[in-house]
Amino acid sequence: MKKLLVLVIALFFIYPAFAQDTRAVCIKINELNTAVLNGTIKRAEAAKQFKTLIQIVRGNHPMLKGDVWVFPLQGYQTNAIGGTNGNGYSDKGYNYLDGNKHTAHPAHDIFITDKNQDDMDDRTDKPVNVLAVDDGIVIACNNEWAPTCTMRGGKFIWIYHHQLDILSYYAHNRTIFVKPGDIVKQGQKIAEVGRTGLNAYKKRSPTHLHFSAFKLTHDLPVPYNPYLQLKQSKKQ
Ligand SMILES: [Zn+2]
């Protein structure tokens with residue numbers, strides 16, 4: 001009993017330090033991701049740093065289950081995914097280290113009903129919530145974007161999911177509600193759908209969430225098609 005008490009007390013003191021450490025690593029990943037997007041870091045150096053940092057997050061991360069996903073747009077279903085049977089996805093030639101200059105479209109665009117392009121759902125006149133597909137930890141995000149900015153992702157979020165050792169990515173948000181190092185639960189509201197990003201802002205683009213999933217191959221993000229996971233996900 002006494003031993004248990006000592007253990008509980010020790011954890012009480014150790015855990016916050018531990019969590020803080022993970023947040024500091026996530027802040028570093030976020031800075032690295034910005035450098036990759038801006039092309040201000042050499043690819044080899046970026047790869048080396050990303051691998052080192054993600055290994056720490058993987059090692060540090062507490063709890064978290066891998067589960068059937070929650071669909072990332074509240075109030076929407078599989079039929080909101082662009083293309084036919086998910087054929088909007090194409091990862092040929094994509095490389096994470098290309099940053100903002102990357103090619104291909106390793107993502108699914110998930111559209112909301114917003115004819116007048118004011119970010120509001122035409123059915124409710126309210127913003128549409130973007131939900132975390134699974135438990136995870138925010139490793140990078142950006143809540144700053146202006147129409148003069150050439151960044152394509154706009155206001156985006158990257159989440160690391162421990163159990164499956166994958167990443168999810170949510171782009172073009174109107175606003176985001178998380179920061180690097182935040183632990184998020186499955187189905188948690190992390191953002192609202194928007195039109196931020198170089199192309200997403202343009203009139204020709206219907207309002208949507210750009211959603212991607214990445215495996216870690218040699219500890220670097222490599223996209224895979226998450227269509228089936230989206231299709232089978234729980235809708236909220
Ligand atoms: Zn897209």
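User: What share of the residues in the chain is buried?
Analyst: This is a predicted model, in which local features need pLDDT of at least 70 and side-chain atom pairs count only at pLDDT 80 or more, while totals for chains, interfaces and linings use all residues. Residues are numbered from 1 along each chain as its sequence is written, and side-chain values use heavy atoms, with hydrogens and water left out. Buried means under 20% relative accessible area, exposed over 50%, and partly exposed in between (1.4 Å probe, protein chains only). Of the 236 residues in the chain, the buried share is 50%.

User: How many helices and strands does the chain have?
Analyst: Helices (H or I, at least four residues) and strands (E, at least two) are DSSP runs, numbered from the N terminus. Along the sequence they follow the pattern α-α-β-β-β-β-β-β-β-β-β-α. The count is three helices and nine strands.

User: Which residues are the protein donors of the zinc ion?
Analyst: Donors are N, O and S atoms within 2.8 Å of the metal (3.2 Å for Na, K and Ca); water is not among the atoms, so sites may look incomplete. The donors here follow the spacing H-x3-D-x100-H along the chain. They lie 2.0 to 2.2 Å from the zinc ion, and they are His105 (NE2), Asp109 (OD) and His210 (ND1).

User: How many residues apart in sequence are the parts that His105 and His210 tie together?
Analyst: His105 lies in the loop between helix H2 (43–60) and strand E1 (108–111). His210 lies in strand E8 (residues 208–217), so the pair ties together parts whose separation in sequence is 105 residues.

User: How many bridges pair E8 and E9?
Analyst: Two strands pair if DSSP finds at least two bridges between them. E8 and E9 form a hairpin with two residues between them, and His218 in the turn has a positive phi of about 50°. Lys215 has Val222 in E9 as its bridge partner. The pairing is antiparallel, and the number of bridges is five.

User: Why is strand E9 largely enclosed by the rest of the structure?
Analyst: E9 covers residues 220–224. It is largely enclosed because its buried residues number four of the five.

User: Which element gives the largest share of the lining of the largest pocket?
Analyst: A pocket is found on a 1 Å grid over the protein atoms alone: it is an open set of points where a 1.4 Å probe fits, with protein on both sides within 12 Å along at least five of seven lines, and lining residues have an atom within 4 Å of a point. The lining has 29 residues, and those nearest the centre are His102, Arg152, Gly153, His172 and His210. Elements giving two or more residues to it are helix H1 (2–38), strand E4 (155–161), strand E5 (166–176) and E8. The largest share, four residues, comes from E8.

User: How much space lies in the largest pocket?
Analyst: Grid points are joined across faces, edges and corners, and a volume is the space filled by probe spheres set on the points. By that method the largest pocket holds about 500 Å³.

User: Which value does phi of Asp119 have?
Analyst: Most residues other than glycine have a negative phi. Asp119 lies in the loop between E1 and E2 and is buried, with a relative accessible area of 13%. Its phi is positive, near 80°.

User: How far apart in space are Thr175 and Ala191?
Analyst: Thr175 lies in strand E5 and is partly exposed, with a relative accessible area of 21%. Thr175 and Ala191 are 16 residues apart in sequence. In space, C-alpha to C-alpha, they are separated by 5.7 Å.
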